[in-house]
Amino acid sequence: MLPVLRALRSRPDSLLFDRIRLHHLLLSSPASMSSITSSNGTINPSTTRIGWIGTGVMGRSMASHLLAAGYSLTVFNRTPEKAQSLVDQGARLADSPFAVARSSDVVFLIVGYPSDVRRATLDPESGVISGLSSGSFLVDMTTSDPTLAAEIYEAARAASCFSVDAPVSGGDRGARNGTLSIFAGGEEAAVGRLTPLFQCMGTVRYMGGPGAGQRAKLGNQIAIASTMVGLVEGMVYAHKAGLDVGKWMEAISTGAAGSKSLELYGKRILERDMEAGFYVHHFVKDLGICLKECQSMGLALPGLALAQQLYVSLIAYGEGNLGTQALILAIERLNNTCLKKNSESK
C-alpha cells in the first residue's frame, strides 16, 4: 500500500489520494478507528458515542431518533433550555462544541448560518475539530456554503479525522417522522460507514466529493422556492376567482400540480398556521447562498431571484421567524386580499 500512496502524492488529483487514503484507513486498518466500531467493524449503539450540536426545530427531532435507537448522546446548544427534552430522554449536556467532540466518535451539527458552522467547527479553542480524536467523524447537516464544507473537510483531514457535508430536506415533519432526504458529500467510504446513523433520520444519497451535499441541497432549495411561489399564487387566484380554495387544492393534488409543498403547507396556509417548520430567515439565508453560487457560475435564474425578494419582504415586515408557508402573506399584500376572509365567508 505504501508504494501506491507515495506514487499518488506526486499526482495533482488530491481527491484521488484522499479516496485511497480513506479506504486504507477504513478498510485496511479498522483497528485505528476501533473506538467507533464493534468487533465486526460496524457502527453500533454499544460502541459508538454520538455528539449533537444544534437542537432547534429540526435538530431536536433528528437527535431523538438516535437516542431511540440506543446510542449514547452528548448535546450542545447555545440556549441550553432547547436541549432539555433530549436531556430528559437520557442525553448528556455539554458546555461547548469542543466538549461534545471530546466525548464523541461521531459529531453531528445542524445550526443556523455558515458563520455558526464556522464557529462551531473551526474555532481553535472551542470548535469541534480541535476536540476530535484521530479517526473520528464530523457531519454537518446545516444548509451552508459549499466552499465552507470543503474548508472543513481539509481541516478535518489535517486532524486525521473525516468530514461529511449532509444537509437535509423534508422539514419539521420529515425530522419528526425520520423520513428526511439526506444529501451527502465527502468520501463515499465515510458516508457508507455512517449509513446506520443516517438511516435513523431518513434516506441518505451520496452526491459526490466535499461540498457536493451542499450543492445538491441548494438545488433542492431553488426548486422549492419557485414551487412555493406557484403554490401561493395559485391559491390567491383560486380565492379571487371565487373558488373554494380547499376543494381546489384537493382537486389539483392528484394531478400534475400536486407537490410536496402542497402536501406539507397547503392546509397550514388555509388554517393561517404560520408556525415555523423551517424559518423564513433561514430560507432567505439559503437562497442568498444559491444566488452567490449562481453568480460565481455565471447563471441567471430569475425565478430564484424573484422568490428571494418575496421572502426578503417578509423579513422587512418582521415575519422572519414564521415558517416558509408565510410567503402567502407577501402575495396577499401585493393584491390587497386575504384568503382568511374567503374561508370565513363560507
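Biologist: Why is Arg78 called exposed?

Modeller: Exposed means over 50% relative accessible area, buried under 20%, and partly exposed in between (1.4 Å probe, protein chains only). Arg78 has a relative accessible area of 64%, so Arg78 is exposed. This is a predicted model, in which local features need pLDDT of at least 70, side-chain atom pairs count only at pLDDT 80 or more, and totals for chains, interfaces and linings use all residues. Residues are numbered from 1 along each chain as its sequence is written, and side-chain values use heavy atoms, with hydrogens and water left out.

Biologist: Where is the place of Arg78?

Modeller: Arg78 sits in the loop between β2 (72-76) and α4 (84-88). Helices (H or I, at least four residues) and strands (E, at least two) are DSSP runs, numbered from the N terminus. The chain has 17 helices and nine strands.

Biologist: Which residues is Arg78 in contact with, leaving aside its neighbours within four places in sequence?

Modeller: Asp116 and Arg119. Contact means heavy atoms within 4.5 Å.

Biologist: What makes the link between the side chains of Arg78 and Asp116 a polar contact?

Modeller: A polar contact is a pair of N or O atoms within 3.5 Å; within protein, one must be able to donate a hydrogen and the other to accept it, and residues adjacent in sequence count only if both atoms are side-chain atoms. The side chains of Arg78 and Asp116 are joined at 3.4 Å, so the pair is inside the limit.

Biologist: Is Asp172 buried or exposed, and how do you know?

Modeller: Asp172 has a relative accessible area of 11%, so Asp172 is buried. Asp172 belongs to helix α9 (residues 171-177).

Biologist: Which side chain makes a polar contact with the side chain of Asp172?

Modeller: That of Arg268, at 3.4 Å. Beyond its neighbours within four places in sequence, Asp172 also touches Val57, Met58 and Gly277.

Biologist: What makes helix α10 (residues 188-198) mostly covered?

Modeller: Eight of its eleven residues are buried. Among them are Ala189, Val191, Arg193 and Phe198. For the whole chain of 346 residues, buried residues make up 51%.

Biologist: Why is α11 called roughly perpendicular to α14?

Modeller: Helix α11 (residues 212-240) and helix α14 (residues 280-297) pack at about 110 degrees, with axes 10 Å apart. That makes α11 roughly perpendicular to α14. The axes are lines fitted to C-alpha atoms, for helices over the stretch in contact, and angles run from 0 to 180 degrees between N-to-C directions. Angles of 65 to 115 degrees count as roughly perpendicular, under 35 as roughly parallel, over 145 as roughly antiparallel, and the rest as oblique.

Biologist: Which residues make the contact of α11 with α14?

Modeller: Arg215, Leu218 and Ile222 are among those of α11, and Phe283, Asp286 and Leu287 among those of α14. By class, there are eight nonpolar, one polar and three charged residues. Ala, Val, Leu, Ile, Met, Phe, Trp, Tyr, Cys and Pro count as nonpolar, Asp, Glu, Lys and Arg as charged, and the others, Gly among them, as polar.

Biologist: Why is α11 called oblique to α13?

Modeller: The axes of α11 and α13 come within 11 Å and cross at roughly 40 degrees. That makes α11 oblique to α13. The contact includes Met228 and Leu231 of α11, and Tyr265 and Ile269 of α13. By class, this contact has eight nonpolar, three polar and no charged residues.

Biologist: Which hand does the crossing of α11 and α13 have?

Modeller: Right-handed. The crossing of α11 and α14 is left-handed. A crossing is left-handed if the near helix is turned anticlockwise from the far one by less than a right angle, and right-handed if clockwise.

Biologist: What is the phi of Ser160?

Modeller: Positive, about 60 degrees, although Ser160 is not a glycine. Most residues other than glycine have a negative phi. Ser160 lies in the loop between α8 (146-158) and β6 (162-165).

Biologist: Why does Ser160 count as partly exposed?

Modeller: Ser160 has 31% relative accessibility, so Ser160 counts as partly exposed.

Biologist: How do you know that Arg272 counts as partly exposed?

Modeller: Its relative accessibility is 25%, so the label is partly exposed. Arg272 lies in the loop between α13 (260-270) and α14. Arg272 has a positive phi of about 55 degrees and is not a glycine.
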